[in-house]
Amino acid sequence: MSAPTFGVVVFPGSNCDHDAYHAVKHVLGEKATFLWHKDTDLQGVDVVVLPGGFSYGDYLRCGAISQFSSIMKEVVRHAERGGHVIGICNGFQVLTETGLLPGALLRNRSLKFVCKQVRLRVENAETDFTRRYEQGKVLQIPVAHGEGNFYTDSDTLRELEDNGRVVFRYVDENGEATEAANPNGSLNNIAGIVNSRGNVLGMMPHPERVVENLLGSDDGLGVFASLAESITGSVPALS
Amino acid sequence: MQHEPVVTEEIARELGLTDEEYQMVLDYLGRTPTYTELGMYSVMWSEHCSYKNSIAVLKTLPRSGGKLLVGAGEENAGLVDIGDGLAVAFKIESHNHPSAIEPFQGAATGVGGILRDIFTMGARPVAACDSLRFGDPANPRVQYLVKGVVSGIGHYGNCFGVPTVAGEMYFDSSYQGNPLVNAMAVGIVRHEQTASATAHGKGNPVMIVGSSTGRDGIHGATFASVDLSEDSESKRPSVQVGDPFTEKLLLEATLEIIREDLIVGIQDMGAAGITCSSCEMSAKGKSGMDIDLDLVPIREEGMSAYEILLSESQERMLVVAKQGNEQRVKEIFEKWDLHAVTIGHVTDDSMVTVRRDGEVKGVVPADSLVLGGGAPVYHRETRRPEYLDTTMAFRPSSVPVPGDVSRVLIDLLSSPNIASKRWAYEQYDTSVRTNTAYGPGGDAAVIRVKDTRKALSVKTDCNGRYVYLNPRKGASIAVAEAARNVACTGAEPMAITNCLNFGNPYKPEVYYQFKEACAGMGEACRMFGTPVTGGNVSFYNENPNGAVYPTPVIGMLGLIADIDHITPSAFQQEGDDIVLLGQNHDDINGSEYLSRWHGITGGDAPHLDLDEEHRLHGMLVDQIRQGRIRCAHDVSDGGLAVTLAECCFIGEKRIGAEVTL
Amino acid sequence: MFKAIVTVKLRPSILDPEGKAIEHALQSLDFQQLSDVRVGKEIELTVDAADRDAAEQAVDDACRKLLANPVMEDYTIELQELTS
Amino acid sequence: MFKAIVTVKLRPSILDPEGKAIEHALQSLDFQQLSDVRVGKEIELTVDAADRDAAEQAVDDACRKLLANPVMEDYTIELQELTS
């Protein structure tokens, strides 16, 4: 299987597209390309990255408008064929709007934008996004958002928890999922989830911002390294 | 078709022109101006655009030399060479008066405006900083202003996608009713990709790009030049609303047309909108423009020539494209869902001709309107303020030394001027663009420069109380502190931008403060070899009972030669030696301690020896480069005690210290 | 021509942080008699449709597709005929 | 007891970036017949007042003090008596 390629989607207003591209291409050393929201060709990439930012100005609801861009139809088909998709921050919001992931991201309980380093516990280290981490490891990864308060109905919540689909959870320095450690009011301190098939991940924290120790920590590299490994290691999912 | 009022001396006065200034207009035109022309002169000769009461003094500052690629005032922002074929554009500007009326939008549009000044030079913004002053934090109106300003700065920077990495915030009753909201931006550009704010080449198309035009902030420029008195609330100027989402698109489209070398010149539209950009670009290029306002995309019906010319709608730029490239410019802007409309062409008669509804509304010599051209230049009268007699008479020995020094320290640490501002900067995205090695909370912010071993260190600094107590020395201290802060991170101070916030220049005491402060700033800049690259003057900052503290905010840029030299502020390891560099003077003059603990604002500004200070910066950076320094923190507000306390608790690790005085 | 007023509100079961914050602020300004504050979005727009049903249909379609998020929001539509 | 519905809207002359972005999205979803989109806030609250006038007075006071920004917003109040 040739080396994996990452495609970073650029919506009008995405501002973390360069960051994700830099993390994958210059730090991880994998192939990466940009995908313009008006295009309909995914250029055969293996992993689609929906980056952070304020796509389409997020005035109505974060990600509400970008779900209709032409590229997203292709991204949904890519996911339905088993292709890997990771939505970071605004990207997670877009995934919930398109229905690739359940629930919604409401306004932070504090009503304020929050940007700080938080601690995440790896809840499921078997997914294609976390296989390079040990189970239960606590990572230091920054959040930067105004609408990261994950909500879903109680049945879906139970389904997520019971099937190991909660991948990251906000925890304190002792690794406990306390109210104080919750930066936005998300149910059960949920920070990141996968779909039932396990090929689509949405997370509010920004792993691409901590892939070099110069910037504080490289805890985030494992997400992209896991993805690269799951593509080359596994039988090609796109038969 | 609007009928324009007949112009009289009375109408000229109403638009803010003095009788002498109106006479100058008559002389330049050789006839009575049309209402539209009078509007252009009134907004271009406002204090905000013409610097008429400050340019004579600003010219005495060191404004060239060092690593400057562009002298101060020549372009929208200063441009400094940092090697590797790269240059840094940076500038600071004020949005004090709009923020006093509508804090959220006032601050947001302040950030939007300074970001445009950076990318109009072809530079991609990589960092934003701010410098804020408010009145007494117990006052409900002040709390409303603080909440609005902080969320406005966060809203614009976060949505646009630039990290807000450094700033300062002071509270003093002197700023009651007239907050200071200064926003700074820093961008990086390759030497060969810089753009200039000029217009030349007869026939080249003039295009307006970005958002459509409305009646936002008309009289915005002149509004900033008038005292914020009681009746300004009733004026209710229509507030300018910022749209950071559109500005992000404007950034990307602008950088693309510059990279493809499609244009002759470009300037952002700030105060005085189309009037200012068209006149300044024409004057700079020694050319003229013929503009048809009917072609300008407008948002409200029935706008007159006067309104379109003076509108300060946000997120717009004026572009002079090379003939034949209009279509390509349009394609790039449409890709980013933005307008790009040709509204006229360059002429060689050095006149700005303006048409509306098929009629010529104005023909004015471009140069006669602009700063450095025909705009008036005044030399105001100065008088040494009387308050200095009483403040200078203060003797430190006249106040009792408190018994329990640790109680004093605890009290100082709880002062709003010293306590942590985490509650504010955690509302700012400080790590987008993944370049932030150090964000807010330390001496200065450090932004690494990708694809090089270098990093930039940026900080805003000023202690208004020091400048109040001794305008000349206080301003020198502001430059010295900013230089010291960047040196503490391992950076060599390079150049400054400044935002000079003062009272009403027609008051001789205020003008004395302004002139003395500029003199002090100049002395420090010459000593440190950090030229002034440009900035902003904001006069008429007055609270109900007088001028606010004279506050010349300094925005300092430092260069870290190698990212291994990046130095934290907090103590890192037990057992390290603690060294105090520089002399410790028995100096509580003008200190936060004197003001908070004893309720006295008195004495001279603290001790400063510019030569000693310069050698200190050099020695510190040199020691850092030799790998001998683990951390460095500047002794400032609250003195040595607060500095040592901060070194113990602002880092990740909680660490103690033992010191013998 | 019609004028449509769409009101989009968080479903009652979902916590409304903005409503709670406003309620808290009102109490601190001693408006004790004001309570149960809930905040919604009101979207006003002009509808160019042949008749009332067509207008209703178009706006409802826009709500389901874009203006409201079915996971967490309810919406109501109010139509006023504009005498052109 | 009364239920009050306060509608807070930007004054017409003031730019509404949110309305602009939604209008642009609606057009791109072929809702060509929907235009002039303006977005406002709808605040619903309960008023414990003796009579209608007292309720109106309290809510109006709250609007001027907190709920609406006099510099750039207008507000309207609608009262409904709650049969307790």
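## A walk through chains A and B

Start in chain B by selecting Ile578(B), Val659(B) and Leu661(B): together they make a nonpolar surface patch of about 340 Å². Keep in mind that this is a predicted model. Zoom in on Ile578(B), which sits in the loop between strand E21 (551-560) and helix H22 (592-597) of chain B. Ile578(B) counts as partly exposed because its relative accessibility is 40%.

Next, move to chain A and select strand E11, residues 200-203. Show the side chains: Val200(A) and Gly202(A) point one way, while Leu201(A) and Met203(A) point the other way. All four are buried. In a regular strand, side chains alternate between the two faces of the sheet.

Strand E4 (residues 84-88) of chain A runs parallel to E11(A), joined by 4 bridges. Look for Ile86(A), whose bridge partner in E11(A) is Leu201(A). Strand E10 (residues 190-194) of chain A pairs with E11(A) in the antiparallel sense, over 3 bridges, and here Gly192(A) stands opposite Met203(A). Follow the chain from E10(A) to E11(A) and you trace a hairpin with 5 residues between the strands. Stop at Gly198(A) in the turn, which has a positive phi of about 85 degrees.

Last stop: the cysteines. How many disulfides does the structure hold over all chains? There are 0. Select Cys499(B), which is buried at a relative accessible area of 0%. Then try Cys647(B), buried at 5% relative accessible area. Its sulfur is 5.5 Å from the closest one, in Cys631(B), again too far for a bond, because a disulfide needs the sulfur atoms within 2.5 Å.

Conventions: Residues are numbered from 1 along each chain as its sequence is written. Chains are lettered from A and ligands numbered from 1 in the order in which they are written. This is a predicted model: local features need pLDDT of at least 70, side-chain atom pairs count only at pLDDT 80 or more; totals for chains, interfaces and linings use all residues. Side-chain values use heavy atoms; hydrogens and water are left out. Patches are made of residues with over 30% relative accessible area and no salt bridge: like charges are joined within 9 Å, nonpolar side chains (Val, Leu, Ile, Met, Phe, Trp, Tyr) within 5 Å. Accessible areas come from the Shrake-Rupley method with a 1.4 Å probe; for residues, only the protein chains shown count as cover. A salt bridge is a side-chain nitrogen of Lys or Arg within 4 Å of a carboxyl oxygen of Asp or Glu. Helices (H or I, at least four residues) and strands (E, at least two) are DSSP runs, numbered from the N terminus. Buried means under 20% relative accessible area, exposed over 50%, partly exposed in between (1.4 Å probe, protein chains only). Two strands pair if DSSP finds at least two bridges between them.
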